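Here is a short briefing on one chain, to be read alongside the model.

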Amino acid sequence: MNAFSFRRFWAMVLKEFIQMRRDRTTFAMMIGIPLAQLMLFGFAINSDPRNLPTVVRDADGGPYARALVRSLELSGYFRVVRDVATDAEAARLLETGEVQFVLNIPADFSRGLLRGERPQVLLEADATDPAATGSAIGAVNQLMATVVDRDLPAHRRGGVPAVDFVVHRHYNPEGITQYNVVPGLMGVVLTMTMVIITSLAITRERERGTMENLLATPVRPIEVMTGKIVPYILVGYVQVGLILLAARFLFSVPMVGSLPLLAAVTSLFIAANLAMGITFSTVAKNQLQAVQMAFFFFLPSLLLSGFMFPFRGMPEWAQNLGSVLPLTHFLRIVRGVLLKGNGVVEIMPHVWPLLAFVAVVMTIALKRYRQTLD
């Protein structure tokens with residue numbers, strides 16, 4: 001048996017570097033994925049969200065009420081975006097997820113404060129994601145003992161805070177994490193499996209040499225892609241069914257809204273991920289590249305969608321990037337339908353981005369597939 005040869009060993013090392021240089025897509029992924037992780041974890045991820053959008057329902061209108069609102073803003077956790085005139089409007093904003101908090105100041109707030117009666121102020125929170133509101137709600141008690149009492153030095157007795165904050169956590173009053181995570185897993189699992197499986201579809205045909213057989217048939221590109229997509233839609237619904245059964249019977253997740261509505265929107269989300277996978281399969285030269293591209297898409301989807309970290313805790317550029325991803329909108333839809341009982345009107349702002357994503361990505365896939373045929 002020949003002894004180890006450093007010369008042969010070095011020849012193999014050089015061969016691998018040359019192969020790596022030729023495979024530019026794989027090399028770009030090797031550099032791009034660590035850089036993406038560094039940028040996302042270093043700059044975009046924040047587990048202590050601040051400046052959460054808040055609306056004020058001020059029935060008092062006095063200077064003490066304005067001072068109270070200002071005190072909340074100075075805490076850094078609340079960002080007042082507007083005033084609302086009715087309780088119905090405030091409830092609608094919470095249901096659609098446009099705001100995180102509603103501050104209700106009663107009509108007799110100033111009078112009660114001057115009389116030393118310690119008036120109640122209601123703070124309503126969208127608690128579907130406990131991590132998004134936990135820090136802000138926890139800061140309210142500290143706020144009462146410092147900023148509020150400093151700005152509202154009204155007739156306290158024995159160090160009792162001047163204002164009695166009452167917090168109502170809507171949709172998840174007990175702050176159970178599973179109510180937020182388990183429905184979100186539906187979108188995460190579909191993204192991971194649908195994109196990876198379909199990204200291998202055309203690539204596998206090319207590697208096995210069966211693409212020539214397809215080219216010899218009169219099948220059109222749209223027929224090939226839709227034919228590959230439809231079976232996986234059924235697979236996706238099987239996954240959704242299993243997750244919903246586990247959510248209901250293992251984790252006791254409330255299902256307030258319409259399941260048929262959720263099923264209809266889920267088909268659109270599955271189509272978005274399948275279209276993305278088909279696009280990757282037309283770009284990748286082999287199955288390894290296809291899987292790398294799928295992972296490169298899955299990683300930002302997981303981190304920027306609001307599944308692992310509060311969406312509103314990210315900087316604006318990261319929120320804009322996350323708003324392009326289908327998972328971001330699907331998470332809001334599934335949590336809104338199951339936990340809030342949202343209907344078609346409430347989820348529509350998140351449906352049209354999914355439609356636009358499917359249209360754009362499917363157009364790219366068709367164009368790329370025609371180029372592949374040539």
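Is Phe330 buried or exposed? Phe330 is buried, at 0% relative accessible area. The model is predicted.

**Aromatic pairs**

- The model holds three aromatic pairs.
- One of them is Phe269 with Phe330, a stacked pair with 4.2 Å centre to centre and 10° between the planes.
- Phe269 belongs to helix H11 (residues 259-283) and Phe330 to helix H14 (residues 326-340), so this pair ties together parts 61 residues apart in sequence.
- Phe269 is buried too, with a relative accessible area of 0%.
- Phe280 and Phe297 make an edge-to-face pair, because their planes stand at 65°, over the 60 degrees required. Their ring centres are 6.2 Å apart.
- Phe280 lies in helix H11 and Phe297 in helix H12 (residues 287-304), so the pair ties together parts 17 residues apart in sequence.
- Phe280 is buried at 12% relative accessible area. Phe297 is buried at 10%.

**Charges over rings**

- Arg50 places its charged end over the ring of Tyr77, 4.2 Å from the ring centre.

- Five strands form an open sheet in the order E2-E1-E3-E4-E5, and the pairing is mixed.
- Strand E2 (78-83) and strand E5 (164-170) are the edge strands. Each has a single partner strand, so one side of each lacks a neighbour in the sheet.
- From one strand to the next, the twist averages 25°.
- Strand E1 (residues 52-58) pairs with E3 in the parallel sense, over five bridges.
- E3 and strand E4 (residues 120-126) run antiparallel and are joined by four bridges.
- Val102 in E3 stands opposite Val55. In E4, Val102 has Glu124 as its bridge partner.
- Ile105 in E3 is the bridge partner of Asp58.

**Strand E3**

- How many of the residues of strand E3 (residues 101-105) are buried? Five of the five are, so the strand is largely enclosed by the rest of the structure.
- Both faces of E3 are covered. Phe101, Leu103 and Ile105 are buried on one side. Val102 and Asn104 are buried on the other.

**Helix H3**

- H3 (residues 63-74) has 12 residues. From its first C-alpha to its last it reaches 16 Å, close to the 16 Å expected at 1.5 Å a residue.
- Which residues of H3 are buried? They are Ala65, Leu68, Val69, Ser71 and Leu72.
- An α-helix has 3.6 residues a turn, so residues three or four places apart point the same way.
- Pro63 and Arg66 are exposed on the other side of H3.
- Just after H3, Gly76 has a positive phi of about 90°.

Technical notes
Residues numbered from 1 in each chain as written. Predicted model: local features only at pLDDT ≥ 70, side-chain atom pairs only at ≥ 80, totals over all residues. Heavy atoms only, no water. Phe/Tyr/Trp six-rings, centres within 6.5 Å; stacked < 30°, edge-to-face > 60°. Helix = DSSP H or I, 4+ residues; strand = E, 2+ residues; numbered from the N terminus. Buried < 20%, exposed > 50% of the residue type's maximum accessible area, 1.4 Å probe, protein only. Lys NZ or Arg CZ within 6 Å of the ring centre and 35° of its normal. Expected span 1.5 Å × (residues − 1). Pairing = 2+ DSSP bridges. Axes fitted to C-alpha atoms, helices over the stretch in contact; angles between N-to-C directions.
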